[in-house]
Amino acid sequence: MLENVRLSFQGIFSHKIRSFLTMLGIIIGIAAIIAIVSTIKGTNEQIKNNLIGSGNNTVKIRLCQGEDEVNFAWQSVPDGVPVITDEEKKLISELEGVEKCTVYRQHNYVDNIYYGGTALESATIYGIDDTFLATDGYQVCRGKGFSPKDYEGFSKVCLIDQTVVSAIFGSDDPIGKTLDIESEPFTVIGVVAQTTEFEPVINSVDDYWMYNQMDGSKIFLPSEIWPVIYKYDEPQNVIAKAVNTDSMTTVGKSTADLLNEYLTTGENSKFAYKSENLLEQAQKMQDLSSSTNSMLIWIASISLLVGGIGVMNIMLVSVTERTREIGLKKALGARKGRIALQFLTEASVLTSIGGLIGVICGIGLAQVVSKMAEVPVAISTPAIVVSVVFSMAVGIVFGLIPSVKAARLNPIDALRYE
Amino acid sequence: MSDVILQLKDVDKSYYIDKMPVPVLKKVNFKVMNGEYVAIMGPSGSGKSTMMNIVGCLDKQTAGEFIFDGVDIAKCHDKQLSIIRNAKIGFVFQNFNLLPRQSALENVELPLLYAGVRKSERRRRAKEALARVGLEDRMYHKPTQLSGGQKQRVAIARAIVNKPRLLLADEPTGALDTKSGEQVMDLFGELNSEGVTVVMITHAMEIAERAKRMVFIRDGELFDDDRQFHHEPHISSPVIDLSKEGTDDEISEQREETAAE
């Protein structure tokens, strides 16, 4: 076998131009596929990073009614949903894959917020404990955070994010100013921002809305003060920070399962804790982009098919050219299998070299595409391996007919051939 | 040793051109004993190449029986024929048939490769065979770097490397000058004296005279008697007459046979 491979290299290098032209079809096909796959992978990683944020790995587990999140700004508290105890919190943080967790309450689309005469529209209000900011990846960038005293003393203080600052304070320093939230005065003591600088790349209008929604005004209150303006027995949501991005799905699910065991809302109620699965959302978006791009892969495969036919053509010519050699080898006792194997090896060595060159060209092409079209690319190792193996298979498939033809040559006809 | 190495009994061979059978060999009877040195002589078109193909197990006869080393060749499969050719027959061709991109050594190793001999052993035996034909200093040369005589000696080394029972040469001096031809013929003589059976096909009298026995083939008929051969009046200008009356009878006979099958 090694002998055959060596002979194949010898044969290929003795006809350099011909071999190169034969490989060209394979080279172009593989290069196109590698470039496309790299672009798809690049886009997918971009989507994943956009949605999940790189390095944060947090999953929100929220109480839902059916498919929708329960918003207690408008809804009353359902029976049978207990407040999450410290003990449950401890159980959650001991789950596999959970780094830490925090419990919080949340009201969406709150309009009853004023600074002087200026109204803040559609803000999200969070009632947070002392672990929330660290877990969800926030840091105080101006002013100060909540002190233990703020929690114990039911201080009417709040933290706001940059969106609130620019929406109602403008150029004023917000620290020390008073916000009227649900008709109660709260003193702004700090401004928070997300630690990981999260800059989603916006490619479409859909993307824009998705990130815009995530980027709305946020106001944080200490959890202890929550019952003053809202209800004391309101159910909480949980944020679990997973140890890595891939365990986010399982962490979300196991946390939701744990919380659901404490629900006593009855069999037929539609209340349940559900994890917001960003990974799944990302996958859905990736599938969409992949399915458009997989059409391109099919088109590139046609080029591989054409390349394969080119290889077959040249191998048939080669068999005719080397009729005497085949005849001689048969006369010397070479069996059919050996002759066929020799030509099969030659065809697959030829296409494998073509595949390797194609991979190199494809990586280069992907870089050029990323520079020119400003799309991210990521080189996929499995794609490279599959490409080379596939090009080898192309050689075997399209080398089959020429090999069988060679093996079937009658030795006397072959020897007599001039 | 006087055992029979090959025997042809009433062997017929026809080729089909546009489905019409063209008889090439007619009722050939031929027997070679172990250690013999036989020259098959005949003009071109006489059927001697066909004869060589059948004796070399490259082709099968249309009718009759061919026993090689005790094996009925007509009953052998392709694979068995390959093994017989590889192990028991050494071929020497007029135009050498060396692989141009391989060194002399690699060319000589080829039959051993097909016999499944291990690499180190192949090397050793190929070197031995090349030394036997006096080319130990040309082992790593490509055929293009060798003279015609040297090429033919490489081919002979290739033919004897498997220690075959029969050395089959088809016009081995046909493409050589007189001096190289002499050397090659000397080599055949030596190999025969060492016990290798040699069957040589040639049309040159001075080459054939080196053999211990000569047979003559003309119009597909073999005369296994050198006296008869010497009495033939038209050796140098044979008349090839394909439209002989007897031929038609044979054709119809064969057609009946085919129909019966």
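In which sense do β9(B) and strand β10 of chain B pair, and over how many bridges? The model is predicted, and in it β9(B) and β10(B), the latter spanning residues 221-223, pair in the antiparallel sense over three bridges. Within this pairing, Ile217(B) has Leu222(B) of β10(B) as its bridge partner. The two strands form a hairpin with two residues between them. Asp219(B), located in the turn, has a positive phi of about 50°.

Strand β9(B) covers residues 213-218 and is mostly covered, five of its six residues being buried. β9(B) also pairs with strand β3(B), residues 37-41, here in the parallel sense over four bridges. In β9(B), Val215(B) stands opposite Ile40(B).

Strands of a sheet pair through backbone hydrogen bonds, in either a parallel or an antiparallel sense. The pairings for which bridges are counted are listed here.

| Strands | Sense | Bridges |
|---|---|---|
| β3(B) and β9(B) | parallel | four bridges |
| β9(B) and β10(B) | antiparallel | three bridges |
| β1(B) and β2(B) | antiparallel | ten bridges |

Chain B also holds an open sheet of four strands in the order β2-β1-β4-β5, with antiparallel pairing. Its edge strands are β2(B), residues 20-33, and β5(B), residues 71-72, each of which pairs on one side only. Strand β1(B) comprises residues 4-17 and is joined to β2(B) by ten bridges. Tyr15(B) stands opposite Val22(B) of β2(B).

Helix α1(B), residues 48-55, lies across β1, β2 and β4 of chain B. The helix runs at about 125° to β1(B).

Conventions
Residues numbered from 1 in each chain as written. Chains lettered and ligands numbered in written order. Predicted model: local features only at pLDDT ≥ 70, side-chain atom pairs only at ≥ 80, totals over all residues. Buried ≥ 20, exposed ≤ 12 C-beta atoms within 10 Å, placed from the backbone. Pairing = 2+ DSSP bridges. Contact = placed C-beta atoms within 7 Å. Axes fitted to C-alpha atoms, helices over the stretch in contact; angles between N-to-C directions.
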